[in-house]
Amino acid sequence: MFAVREFRAVFAAHLVSMLGEVVGQIALSVLVFRLTGSPLLSALTFATSMLPYVIGGTLLSSVADRFPARRVLVVCDLVHAGCVAAMVVPGMPVAALLALRCVPAAISPVFSGTRAATLGDILGEGDAFVLGRSVIRITAQTAQLAGFGVGGLLLAAVSPRAALALTAAALLGSALVLRFGTRRRPARRLSGGGAPPATAGRCPLLGDSLSGMRRLFADRRIRALMLLAWVPPMFVVMPEVLLTPYSDGLGLGSVGLGLLMCGMPVGAVASEALVGSLLGPRARARLTLPVGIAAMLPALGYAVRPSFGWALALQVLTGCGIAYSLGLDQWFFAAVPDELRGRAMTVMTAGLMTAQGLGMAVAGAVAEFVPVHVVAAAAGGCGALCSLLVALEVRRTVSGPARIVRLG
């Protein structure tokens, strides 16, 4: 994959922007807390980075197919950089800071969906696409680990606004790399069997987005794969979001909590790297459903209120479940028509983030009345059951030997 020049450019842009975004998220949280002294408003800086995903995923999904991919990626980076740069302005009200954070979150699924569809153009529709997606996920997880560390050190040396300025510069750098490091391609919808050019431009953006979603969800196979992409992560994040009160109950300090928070990303990076490099497409496909179900099982261990070491092991094992995404990617790519691929990837990303946000909210609400370790264990049991039901639906949508061969 790294022998392909365009993929190197996409990878470099992703790495730079992810590091900048993680640092910027920490800096904005610190800035809002210093301005208001409110833990709630500080937490909202993280919530506003997820909740608007559903808006972009539903109302703007057709952007990924209606316009040339390179233009979409560069414009999204520039809009994001502009919003972050505006946060640096002294005296900016907190409400405006939160509103500015919502804009990048709304366009983020469009960016992610367009990039995912573009990987298919750059790497082809075979195993290289699946591994390319895996590398992007590994980079995101690693950038989170490094970004939190770098962000903490950076904020010890400079102000939050200075850190936000560096984030804006990183996003500008990403836009430049994508502009000059990738090839211009025509809009997918005009070249991949979609509406003809004479009518494509007249179709309203909102109507086109909703029409594309209807086409996607009308297909039972695509619908089942979407659920497989959303349901396991929704339950996986429930124990993770409860780590702060759980670690407090164990009497751990901030270092212990930080290590627990690192558990899932470490497991995710290790499992994706090993499965992607050691197993072929058929072996990864066979593991997809069992691993997707088993990802929730480690959370059952919270029922016995494990100590720090065992809780860390449970988090690492849970993170290993992300390896099911490799087989899911190759199935999804094969099931979606080329002219809908950008929209499909956008909707999948938006649904994933929305599902995770919903899981976090539900876990937090239930933990107000039920012991934290019970909520975490219950999330594991419910998640395994729901994932099993989704897996059975995915199995039922595989029709005939020809499709099995196509899916790898």
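Visitor: Which rings pair, and how many aromatic pairs does the count come to?
Guide: Rings of Phe, Tyr and Trp (its six-membered ring) pair if their centres lie within 6.5 Å; planes under 30 degrees apart count as stacked, over 60 as edge-to-face and the rest as tilted. This is a predicted model, where local features need pLDDT of at least 70, side-chain atom pairs count only at pLDDT 80 or more, and totals for chains, interfaces and linings use all residues. Residues are numbered from 1 along each chain as its sequence is written, and side-chain values use heavy atoms, with hydrogens and water left out. By the ring rule, the number of aromatic pairs is four.

Visitor: Is the pair of Phe217 and Trp230 stacked, edge-to-face or tilted?
Guide: The ring centres of Phe217 and Trp230 are 6.3 Å apart. Their planes stand at 50°, so the pair is tilted.

Visitor: Is Trp230 buried or exposed?
Guide: Buried means under 20% relative accessible area, exposed over 50%, and partly exposed in between (1.4 Å probe, protein chains only). Phe217, at 26% relative accessibility, counts as partly exposed. Trp230 has 16%, so Trp230 counts as buried.

Visitor: What is the angle between the planes of Tyr246 and Tyr302?
Guide: Both Tyr246 and Tyr302 are buried. Their rings form an edge-to-face pair, 5.3 Å centre to centre, with the planes at 90°.

Visitor: Which ring does Arg221 lie over?
Guide: A charge sits over a ring if NZ of Lys or CZ of Arg is within 6 Å of the ring centre and within 35 degrees of the ring normal. Arg179 has its charged end over the ring of Phe180, 5.1 Å from the centre. Arg221, at 5.5 Å from the ring centre, lies over the face of Trp331.
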